[in-house]
Amino acid sequence: MKEQKITELNKRHFLNLIKQEIESLKGQIAYAKDALRQKDIEDWEKKEFTAVLKDKTKDLKDTEKNYKRVQ
C-alpha cells in the first residue's frame, strides 16, 4: 500500500512537470509567432524564429504524447 502511494505521488509529480513543460512550449510558440508578425523583422531573424517555431511545435506534440503515455 505504501509503495502504491509513492508510485501515485511520483506519477502526479511527473504529470505536473510535463504540464509545466507543455505550458512553457506553448508560450515559446506564441512568442515566436508574435515575433514573426512584426513588420520590421530582419530576414535572418525571420529565419531564426521560423526554425524555433518549427522545433517547438514538434517538441509540443512529442511532450503531449508523453503526457498521455504517463497518464
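Start by selecting D34 and R37: the pair forms a salt bridge, with the closest N and O atoms 2.5 Å apart. (A salt bridge here is a side-chain nitrogen of Lys or Arg within 4 Å of a carboxyl oxygen of Asp or Glu.) Before going on, note that this is a predicted model, in which local features need pLDDT of at least 70 and side-chain atom pairs count only at pLDDT 80 or more, while totals for chains, interfaces and linings use all residues. Residues are numbered from 1 along each chain as its sequence is written, and side-chain values use heavy atoms, with hydrogens and water left out.

**Along helix α1**

D34, at 43% relative accessibility, is partly exposed, whereas R37 is exposed, at 55% relative accessible area. (Buried means under 20% relative accessible area, exposed over 50%, and partly exposed in between, using a 1.4 Å probe and protein chains only.)

Next, select E23 and K26, whose side chains meet in another salt bridge, 3.9 Å from N to O. These two are also three residues apart in α1, which covers residues 2-37, so about one helical turn separates them. K26 is partly exposed, with a relative accessible area of 39%.

**Over to helix α2**

Select residues 43-70 to bring up helix α2. This helix has 28 residues and reaches 40 Å from its first C-alpha to its last, close to the 40 Å expected at 1.5 Å a residue. (The expected span is 1.5 Å times one less than the number of residues.)

Then select K58 and D62, where a salt bridge joins the side chains at 3.0 Å, N to O. Both residues lie in α2, four residues apart, about one turn of the helix. D62 is partly exposed, at 35% relative accessibility. How many salt bridges does the structure hold? There are four, and this tour has visited some of them.

**Last stop: N66**

Stay in α2 and select N66. At 27% relative accessibility, N66 counts as partly exposed. Finally, pick L15 as well and draw a distance between the two C-alpha atoms: N66 and L15 are 51 residues apart along the chain, and their C-alpha atoms are separated by 9.3 Å.
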